[in-house]
Amino acid sequence: MRGLMIFLVIAGIGGGLFFLQKRSDQKPAAAETAAQSAPSPRPIYEHDWAKHSLDTTHSVIQKIQQQRKDDDLKDAVGRR
């Protein structure tokens, strides 16, 4: 019985800290998303994080490919 009470106290403290942290993290996260969503063409929704991540990765890959293509063209002009 004493072990159960100790477990419940520890679980209660852990749960309380978890919810306290979640509550304090929501306020700065809202400010960050507002700052980040201004330059993007569409707002980032809470459940759309995976698509946003894939879109960002795809755009970075396209930029790198374009830079490499431009560098190859510059090198080709210099070789002639």
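Start by selecting aspartate 55 and lysine 51: they form a salt bridge, with the closest N and O atoms 3.1 Å apart. The term asks for a side-chain nitrogen of Lys or Arg within 4 Å of a carboxyl oxygen of Asp or Glu. Because the two residues are four positions apart in helix 2, about one helical turn separates them. Aspartate 55 is partly exposed at 33% relative accessible area, and lysine 51 is also partly exposed, at 44%. (Buried means under 20% relative accessible area, exposed over 50%, and partly exposed in between, with a 1.4 Å probe and protein chains only.) A search of the whole structure finds one salt bridge, so you have already seen it.

Before moving on, note that this is a predicted model, in which local features need pLDDT of at least 70 and side-chain atom pairs count only at pLDDT 80 or more, while totals for chains, interfaces and linings use all residues. Residues are numbered from 1 along each chain as its sequence is written, and side-chain values use heavy atoms, leaving out hydrogens and water.

Now zoom out to the whole chain. Of the 80 residues, 0% count as buried. The chain exposes about 7,600 Å², with carbon and sulfur atoms supplying 63% of it; areas come from the Shrake-Rupley method.

Next, stay with helix 2 (residues 49–79) and pick aspartate 70. Together with Asp71, Asp72 and Asp75, Asp70 forms a negative surface patch. Patch members have over 30% relative accessible area and no salt bridge, with like charges joined within 9 Å and nonpolar side chains within 5 Å. Aspartate 70 counts as partly exposed, at 32% relative accessibility.

Then go to helix 1 (residues 2–37) and select methionine 5. With Met1, Leu4, Phe7 and Leu8, Met5 makes up a nonpolar surface patch of about 600 Å² accessible area together. Methionine 5 is partly exposed, at 46%.

The rings of phenylalanine 18 and phenylalanine 19 have centres 5.4 Å apart and planes at 70 degrees, so the pair is edge-to-face. (Centres must lie within 6.5 Å; planes under 30 degrees apart are stacked, over 60 edge-to-face, the rest tilted.) Phenylalanine 18 is partly exposed at 43%, whereas phenylalanine 19 counts as exposed at 58%.

Terms used:
Accessible areas come from the Shrake-Rupley method with a 1.4 Å probe; for residues, only the protein chains shown count as cover. Lys and Arg count as positive and Asp and Glu as negative; His and the chain ends are not counted. The place of a charge is taken as NZ of Lys, CZ of Arg, CG of Asp or CD of Glu. Rings of Phe, Tyr and Trp (its six-membered ring) pair if their centres lie within 6.5 Å; planes under 30 degrees apart count as stacked, over 60 as edge-to-face and the rest as tilted.
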